[in-house]
Protein chains: 4
Amino acid sequence: MLDSGKLVLLISPKGKRYLRVVKEGNDIHTHDGKLLMEDIAAAGYGKMVKTHLGRKYKILKPTVHDLIKGVKRQTQIMYPKEIGYLLLKLGIGPGARVIESGSGSGGLTVALAYYVGDTGKVYTHERRPEFYKLVTRNLKWAGLEERVEQFNLDIEEGFQATEADALFLDVRTPWDYLHHIPKAVIPGAMCGFLLPTTNQVSDLLRALEKGPFEDLEVVEILVRRYKPVADRLRPEDRMVAHTGYLVFARCIEPYVEEEAASAEIETAETSESSEKTETAQEPETGSGDEQADSAEEDTESPNGM
Amino acid sequence: MLDSGKLVLLISPKGKRYLRVVKEGNDIHTHDGKLLMEDIAAAGYGKMVKTHLGRKYKILKPTVHDLIKGVKRQTQIMYPKEIGYLLLKLGIGPGARVIESGSGSGGLTVALAYYVGDTGKVYTHERRPEFYKLVTRNLKWAGLEERVEQFNLDIEEGFQATEADALFLDVRTPWDYLHHIPKAVIPGAMCGFLLPTTNQVSDLLRALEKGPFEDLEVVEILVRRYKPVADRLRPEDRMVAHTGYLVFARCIEPYVEEEAASAEIETAETSESSEKTETAQEPETGSGDEQADSAEEDTESPNGM
Amino acid sequence: MLDSGKLVLLISPKGKRYLRVVKEGNDIHTHDGKLLMEDIAAAGYGKMVKTHLGRKYKILKPTVHDLIKGVKRQTQIMYPKEIGYLLLKLGIGPGARVIESGSGSGGLTVALAYYVGDTGKVYTHERRPEFYKLVTRNLKWAGLEERVEQFNLDIEEGFQATEADALFLDVRTPWDYLHHIPKAVIPGAMCGFLLPTTNQVSDLLRALEKGPFEDLEVVEILVRRYKPVADRLRPEDRMVAHTGYLVFARCIEPYVEEEAASAEIETAETSESSEKTETAQEPETGSGDEQADSAEEDTESPNGM
Amino acid sequence: MLDSGKLVLLISPKGKRYLRVVKEGNDIHTHDGKLLMEDIAAAGYGKMVKTHLGRKYKILKPTVHDLIKGVKRQTQIMYPKEIGYLLLKLGIGPGARVIESGSGSGGLTVALAYYVGDTGKVYTHERRPEFYKLVTRNLKWAGLEERVEQFNLDIEEGFQATEADALFLDVRTPWDYLHHIPKAVIPGAMCGFLLPTTNQVSDLLRALEKGPFEDLEVVEILVRRYKPVADRLRPEDRMVAHTGYLVFARCIEPYVEEEAASAEIETAETSESSEKTETAQEPETGSGDEQADSAEEDTESPNGM
């Protein structure tokens, strides 16, 4: 027996999918006939339910992946491949407080809200009223509206949160808003950006280099799918080749007062930080003992090709 | 001021990283001199702290990504690129109950424990005592031991949990344990597998096809990193080309009783399911209205190459 | 003025392409009106020619890439990305004598014939009469029929050439024909294979390992195309993810007599060749002095991800 | 029996490779002892030859791939994966006349010379005297010097050839030399460029767009190698992720006189060419009948991810 408010994923005999909230009277009209919500709730996850024409539908508990795929959208939404990676890089998990802009259709907002749990919060900013409303609708549908504060605002004036643990911008000119970030996040917070073109990545890196940002990273994530046939295993013929470049940086406090204290230290600092840049390719992580990083900087020779 | 038990990531002027727990007396001996834990706790995240030789270290709040990188390891551990993707696909978030085997060095265990939050639970199985102990140590170090039940057992006899929301196997011959899965998870639960060779993927698919598994998927995740230089933006010269293939499937209850009820329906069922297989490439997700999936099955022509 | 027999590539105002042979009366009927071949021949490469409706078409000299794209096809043909790589790996250039099977639609046959020049020869085998005829037609159209000997035969009985410099098989079960190869090629000849599935690659490797083949290689070639827009440079949204795996091997003479001469040497031989296998990852090429190969075998760590 | 001047590739029991010219007295000193050239010549391709210490070396006929790998180098040289693709795109085969700059170490020069055969010619330009000499040496070593005209010149003043069929530039600022190209090549000739950074690609596209260039293309070529083990087939752990971006364009004559003839046509021309741009994504190639190109422009949806 499923409680009211739970989400169900229904799959037709032909593989068609319906993602719905359990609610009295929320029956589903399909090409195979009508499905009664009370039948669905009574059967429960992993069971079958029949339409009034006798066609059997599977009832599944949707994953967050299903939720992301299921949001009603009017824009291109982010892919799970990028979302999964940025969750880890930005450290977004139970209890995290995260800033997002723009909300777009709310695909990422739903994922963020899912992961911050009941103890975290998402602060999402969207300038365009129609998208603001769409996100409200999608969050309600996913039952995650309690975890999100939505702002129908341009971020030109700054972000509507402080001391956030992380921040993610999916806007056309993120470099215009960097100066607002230090006021909105905790010192050392991870920031992420999604950009479709190499020109934008260059422009953003140029702005980030001016600080107070460190540990810049640029990555692309590619997913290659295979036809799941045991005796004829092979990749799909075609794949998504590009959605965007992910850029990451840590927002570091400028340390102004401290450095002003001594000119001598200041000088040392400068040589240190240039040193750091050189070795940034080879960070080391220690947990009691040190571990060597992957040596990315191999000398190349064409022999391997 | 940081409370005892909090994790700190310390970064040296040269980029060397130390991930430690805030605890009285837990001072750090570096090549740049000694760092006092009480200084670190007093300064807090995003600040600087000096060694007794006057070298300045940054204090950061580690992300889950830093945690995964920081586990002490004696085996190859999973990469964040795979972990991020499987979290979404398996629907592992706050409150989830997840089965894992083997634990290995505990890299994935730490990530799973982080994401299930205080209300979820990870059930991890590891046959080899030395790894079992290593995982215990890594979980303590990360402060996540409360969220994990560890079993120093072979999974030949089955899993030590029932009604789990998801399951992940990183073992050499996962096909040997598939029959234990239906007893361990909720109906319709997502299951994931990591395998290094194509031969193993074929063997696993062959076993999964016998049921009760559906929605088989095989993917590879590739991360391509760029040198973050605004005026000379270009990919790194070399990259990780392979860690493993991720295989996903839903564990579906066999629906035995229901189907036994009527031979007629049984027949219909058969034709339906063959139909389903055909269209499994083109699932649809509905949230009020239907959305078209990416048409993966384009006809190819060499002109584009 | 273009001589009869030359190939011309005509490009319409809308980018539509026509690849034709210069020949009296070989006029072209387009949606933009009729193009007279005598006008085309008179204008020459790089010029414009008008249809009877006044639409201007560009006249270009086709490259071998245009030729490959232009063959009339009834099968999937090989992509330029694979053809370019195999030409180099197999050493197919002016004067080479090459064996091919099956001919398919003749896309690769055209490329091979182009590259072996007037002094080389292509021996192509095709079982199915309709494809045999299609290849004949495509070779005539490209003006390359003099360089090719076509055989409408199954290769079950062997290849119709001896002492060939190289051999390429694009057939479903290449392992069935390996025993014919030593009789058909010079000792040490490079052999290439194209296979769509990992299962076939495994089967072929298993057969090749039995000899007399060495230097086994398996590669995939991926081409990623970018939208050529200066201010918005980015990869195409989608790409071809798979055509097939290329397998390469050298066919080595069994050295039977020599080895039979001395049991002692035989033993030495065995230990040598096992040694060789170990170091096969790190071959060195010398041209006066030795050059180190790219070290492919880096230890991995997840930190780079 | 191998004639003087032939190239031989010798492979040691441990897989070490020596690429040498057959010439009296050109004996080889290896770690396994001395190999006499007269023994090598007498044995011939595909046979074994022994050092004075009794170690057996294989004698093979080198492919062009072996030649490229074997050039003595002082710079990064191009990879076979890029060379194979550009040969096809630029239409470089027997009889072609090709312009190259800079020569670098001569890796590409050797490949081009190999493919143009006895009836073609390579015109290669190199500013730095030490590289000019190195290329001379490498061409002699490969026996291909007759097919190449070398110029120890900067291309600032233009190229030392006219009516070339194709041109390839591997220089830091190719946009500085575009205006010399129309005088150096036949109308409609294919031009290729190799550039390591996205910024350079943008700069080059900006310059090419000003004309007289058309059919701009930007691609990356990736080669993914597999461990050739039948029962444990899997990709290598690491791969070369980037060598450079290949840019291609056709150099088209400006058609000045013709267009000046009529203002009316001029207008038509304008609308035509804008039309052309739109449909440039979907060229068609006809050889009697038309063939559809790969539809690269699919609408994306996140469901496939």
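In chain B, residue B:G102 lies in the loop between β7 (97-101) and α4 (107-116), where helices (H or I, at least four residues) and strands (E, at least two) are DSSP runs numbered from the N terminus. The peptide bond from B:S101 to B:G102 is cis, with omega near -15°. In chain A, a cis peptide bond likewise joins A:S101 and A:G102, with omega about -15°, and A:G102 is found in the loop between β7 (97-101) and α4 (107-116) of that chain. Most peptide bonds are trans.

This is a predicted model, in which local features need pLDDT of at least 70 and side-chain atom pairs count only at pLDDT 80 or more, while totals for chains, interfaces and linings use all residues. Residues are numbered from 1 along each chain as its sequence is written, chains are lettered from A in the order in which they are written, and side-chain values use heavy atoms, without hydrogens and water.

Chain A contains nine helices and 17 strands. Of its 305 residues, 64% count as buried (under 20% relative accessible area, with a 1.4 Å probe and protein chains only; exposed is over 50%, partly exposed in between). A:E163 lies in the loop between β9 (148-151) and β10 (164-169), whereas A:D215 is in strand β12 (residues 213-227) and is partly exposed, with a relative accessible area of 30%.

In chain D, α3(D) meets α4(D) through D:I83, D:L86 and D:L87 on one side and D:L108, D:A111, D:L112 and D:Y115 on the other, contact meaning heavy atoms within 4.5 Å.
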